[in-house]
Amino acid sequence: MFLILIGASIFSLVFRGFGGEELVHSLFTDMPGGKVGAILTVMLVIFVLGFILDFIEITFVVVPLVAPVLFMMGVDPIWLGIMIAINLQTSFLTPPFGFALFYLRGVTPKSIPTNKIYKGVIPFILMQLLLLVILVIWPELATMLPEYIYG
């Protein structure tokens, strides 16, 4: 785990040193749709990466590359963190790899086939996707309590 953290830190440092942050910033600002297009692209990339990578790699490599640029575009950090967390959880429930599905397969009896597990998570995937849409429409649902507590 520490090797991943050290490697991700070195990668981010080298990436920024060679002007990668400016490249990502220009890519996002030139993207059609502006801030909404950039957020949608980041969420889609993180969703697809969640199929094949663990959350540690995504949070230590991808998020430090895109988050500062999104913050400069005016995205709330708390809202973005919650959106990424829900997005990752949804991708972990989604086949083909679905890490959470493999964990569930390991604790269920052998009499329950894997395709029943896949079918059983469909309502949860749909609920999480609906929650993402709701948080896009009403971001205050994610930021209201932290603002109330911390001002």
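Reader: Which residues form a nonpolar patch on the surface, and what is their accessible area together?

Author: Please bear in mind that this is a predicted model. The patch consists of Phe2, Leu5, Ile6, Ile10, Val14 and Phe18, and together they have about 670 Å² of accessible area. One of these residues, phenylalanine 2, lies in helix α1. Phenylalanine 2 has a relative accessible area of 66%, so the residue is classed as exposed.

Reader: How is a pair of aromatic rings described?

Author: Two quantities are used: the distance of the centres and the angle of the planes. Rings pair if their centres lie within 6.5 Å. By this rule, the count is two aromatic pairs. In one, phenylalanine 11 and phenylalanine 15 have ring centres 5.8 Å apart and planes at 25°, so this pair is stacked.

Reader: Where do phenylalanine 11 and phenylalanine 15 lie, and what is the relative accessibility of phenylalanine 11?

Author: Both belong to helix α1 (residues 2-17); because they are four residues apart, about one helical turn separates them. Phenylalanine 11 has 39% relative accessibility and therefore counts as partly exposed. Phenylalanine 15, at 23% relative accessible area, is also partly exposed.

Author: In the other pair, the rings of phenylalanine 47 and phenylalanine 51 have centres 5.2 Å apart and planes at 70°, so the arrangement is edge-to-face. These two residues are four apart in helix α3 (residues 34-52), which means about one helical turn lies between them.

Reader: Are phenylalanine 47 and phenylalanine 51 buried or exposed?

Author: Both residues are buried.

Methods: Residues are numbered from 1 along each chain as its sequence is written. This is a predicted model: local features need pLDDT of at least 70, side-chain atom pairs count only at pLDDT 80 or more; totals for chains, interfaces and linings use all residues. Side-chain values use heavy atoms; hydrogens and water are left out. Rings of Phe, Tyr and Trp (its six-membered ring) pair if their centres lie within 6.5 Å; planes under 30 degrees apart count as stacked, over 60 as edge-to-face and the rest as tilted. Buried means under 20% relative accessible area, exposed over 50%, partly exposed in between (1.4 Å probe, protein chains only). Patches are made of residues with over 30% relative accessible area and no salt bridge: like charges are joined within 9 Å, nonpolar side chains (Val, Leu, Ile, Met, Phe, Trp, Tyr) within 5 Å. Accessible areas come from the Shrake-Rupley method with a 1.4 Å probe; for residues, only the protein chains shown count as cover. A salt bridge is a side-chain nitrogen of Lys or Arg within 4 Å of a carboxyl oxygen of Asp or Glu.
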